[in-house]
Amino acid sequence: MTRTPTLPTSGHSVLSLPMRDPRVRPLLDELAVEYDTRYGTLFGTGGAAEELSRYPAEEFAAPHGALIIIQENGESVAGGAFRRYDEHTAELKRIWTHSAHRRRGLARRVLTELENEARRRGYRKLYLTTGPRQPEAKNLYLATGYKALFDLAADPEEIKHLAFSKDLALPG
């Protein structure tokens, strides 16, 4: 199903999709390349394939989860998802921007869309982790109000999973 974007941007549409929709495939394909390129077997011998299949697709479906894709002129250019972490917390996963479309604010827009959807679903908090070799992701989360749950001065390679959280103010 297609939703109206919450942030106006010409040529962009925001789609809420099931994980198995073919318009999600670019997200998963490029994430696999990105993870394998940056991490190899750092997190295990299964690499990206293991990470991307860790959670069943149903966990990213309503009522507890969501997956969105931003399309530009019919092409999937950014996306992300969340799943239930606990009763009050959604866990953000698979935040992605196509390599040809980076540095345009699309990841920030994905975060805003996911935050708004999580808020609509009654979540009060967001949680996420990113890897130590994604400094641009770490900087994005810090710049958008996420609290680091790790020592920012520590070596990210020693931490491995850089965890963040953010409280959501509910409308009303």
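Visitor: How many bridges join strand S4 to S5?

Guide: This is a predicted model, in which local features need pLDDT of at least 70, side-chain atom pairs count only at pLDDT 80 or more, and totals for chains, interfaces and linings use all residues. Residues are numbered from 1 along each chain as its sequence is written, and side-chain values use heavy atoms, without hydrogens and water. Strands (E, at least two residues) and helices (H or I, at least four) are DSSP runs numbered from the N terminus, and two strands pair if DSSP finds at least two bridges between them. S4 (residues 75-86) and S5 run antiparallel, and the number of bridges joining them is 7.

Visitor: Which residue of S5 is the bridge partner of arginine 84?

Guide: S4 and S5 form a hairpin with 2 residues between them. Within S5, the bridge partner of arginine 84 is alanine 90.

Visitor: Why is S5 described as largely enclosed by the rest of the structure?

Guide: Buried means under 20% relative accessible area, with a 1.4 Å probe and protein chains only. Strand S5 spans residues 89-97, and it is largely enclosed because the buried residues number 9 of the 9.

Visitor: What is the reach of helix H3 from its first C-alpha to its last?

Guide: H3 covers residues 106-120, 15 residues in total. The expected span is 1.5 Å times one less than the number of residues, here 21 Å. The reach of H3 is close to that, at 21 Å.

Methods
Buried < 20%, exposed > 50% of the residue type's maximum accessible area, 1.4 Å probe, protein only.
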